[in-house]
Amino acid sequence: MDVSIIFINYKTKDLTINAIKSVIEKTKEIEFEIFVVDNNSQDGSIEAIEKEFSNINIIKNPVNAGFGAANNLAIKQANGKYILCLNTDTLLINNAIKIMYDFMNKEENKNVAVCGSSLYDENLNYVMSFANFPNFFNTLSISWLLKKIFPILRNQKKPDNIKEVDFITGADIFFRKSILDKIGVFDEKFFMYAEEVDLCKRIKKEGYSIKIIPQAKIIHLEEKSSKNFWKNSKMRVKSKYIYARKHQSLLEVYSMKISYLIMHAIGYLFGFNKEHIELIKLHLEG
């Protein structure tokens, strides 16, 4: 088996079906298997997927275990030489999986443990596909504020050529399975967010390379609604501190903590939004 493709479904029935159809339609000239781990959606997702596809491996998780833990369930059963963790809100533009497979399968790239594609929004505008590891400056609240005030700072230039990066964003992350067998899989302390950053950091510490492959192209229909902003913010805060305490200095941890406490205190005083209080509590606990 060349590639094992893993989708984590949690109440994203239609997105998951469309993502699977996209993989089947666009992926040629390699042998692949598809896993769907359902995180106890209880919305008819399993029945709909089983009705639509006869050759999908469905893992029924009795609880919503989060992103990393759910992927780990499928990785343990995967038969592929490579593992592709692919978000349910993705659609392939081209034969992206074969392009990444071919790159990783070259002898000269045997030290590359992870790669990823170029991601685009539904209007085919390039969006963030990789990023730098957290450090003293980019984890401070001022960095987040500047990017909110000046969106141009969030824009990432689309790479023209294959390049080394710190980590691949979790929407599409293509692993060499032999490296996962050696390094380990996702840390299940992370419920959602930063688990791919942590795994890439661990892989890099072992001397392996991580590459972005711009010739492979995938649409990422990332959630743009603000309805889950505060819920997602709380999950991100929890993950920030799990990562920081594993990989960053105490100075970085406490500098980040103080900067966000100040920001949310100001946010509450001027906005009177109780969600700032909830975030303050999380930063104090972090």
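Student: Which residue with a positive phi follows H7?
Tutor: This is a predicted model. In it, H7 spans residues 195-205. The helix is followed by a residue whose phi is positive, near 90°. That residue is Gly207.

Student: How many of the eleven residues of helix H7 are buried?
Tutor: Buried means under 20% relative accessible area. Helix H7 is largely enclosed by the rest of the structure, because the number of its eleven residues that are buried is nine.

Student: Is Asn71 buried or exposed, and what is its relative accessible area?
Tutor: Asn71 lies in helix H3, residues 67-77. Leaving aside residues up to four places away in sequence, Asn71 touches Ile6, Ile8, Cys85 and Phe186. The cut-off for buried is under 20%. Asn71 is therefore buried, with a relative accessible area of 0%.

Student: Which aromatic cluster includes Phe186?
Tutor: Phe186 is one of the residues that Asn71 touches. Phe186 also belongs to one aromatic cluster, formed by Phe67, Phe175 and Phe186.

Student: How are the rings of Phe133 and Phe167 arranged?
Tutor: A search of the whole structure finds six aromatic pairs. The rings of Phe133 and Phe167 have their centres 6.0 Å apart and their planes at 25°. Planes under 30 degrees apart count as stacked. The pair is therefore stacked.

Student: How many residues apart in sequence are the parts that the Phe133 and Phe167 pair ties together?
Tutor: Phe133 is buried at 9% relative accessibility, and Phe167 is buried at 8%. Phe133 lies in the loop between strand S8 (130-131) and helix H5 (141-149). Phe167 lies in strand S10 (residues 167-168), so the pair ties together parts whose separation in sequence is 34 residues.

Student: Which ring does the charged end of Arg236 sit over?
Tutor: In another place, the charged end of Lys257 sits over the ring of Tyr241, 4.8 Å from its centre. For Arg236, the charged end is 3.9 Å from the centre of the ring, and that ring belongs to Tyr193.

Student: What is the accessible area of the nonpolar surface patch that includes Ile266?
Tutor: Ile266 is in helix H9, residues 250-271. At 43% relative accessibility, Ile266 counts as partly exposed. The other members of the patch include Leu250, Tyr254, Ile258 and Phe270. Together the patch residues have an accessible area of about 860 Å².

Conventions. Residues are numbered from 1 along each chain as its sequence is written. This is a predicted model: local features need pLDDT of at least 70, side-chain atom pairs count only at pLDDT 80 or more; totals for chains, interfaces and linings use all residues. Side-chain values use heavy atoms; hydrogens and water are left out. Patches are made of residues with over 30% relative accessible area and no salt bridge: like charges are joined within 9 Å, nonpolar side chains (Val, Leu, Ile, Met, Phe, Trp, Tyr) within 5 Å. Accessible areas come from the Shrake-Rupley method with a 1.4 Å probe; for residues, only the protein chains shown count as cover. A salt bridge is a side-chain nitrogen of Lys or Arg within 4 Å of a carboxyl oxygen of Asp or Glu. Helices (H or I, at least four residues) and strands (E, at least two) are DSSP runs, numbered from the N terminus. Buried means under 20% relative accessible area, exposed over 50%, partly exposed in between (1.4 Å probe, protein chains only). Rings of Phe, Tyr and Trp (its six-membered ring) pair if their centres lie within 6.5 Å; planes under 30 degrees apart count as stacked, over 60 as edge-to-face and the rest as tilted. A charge sits over a ring if NZ of Lys or CZ of Arg is within 6 Å of the ring centre and within 35 degrees of the ring normal. Contact means heavy atoms within 4.5 Å.
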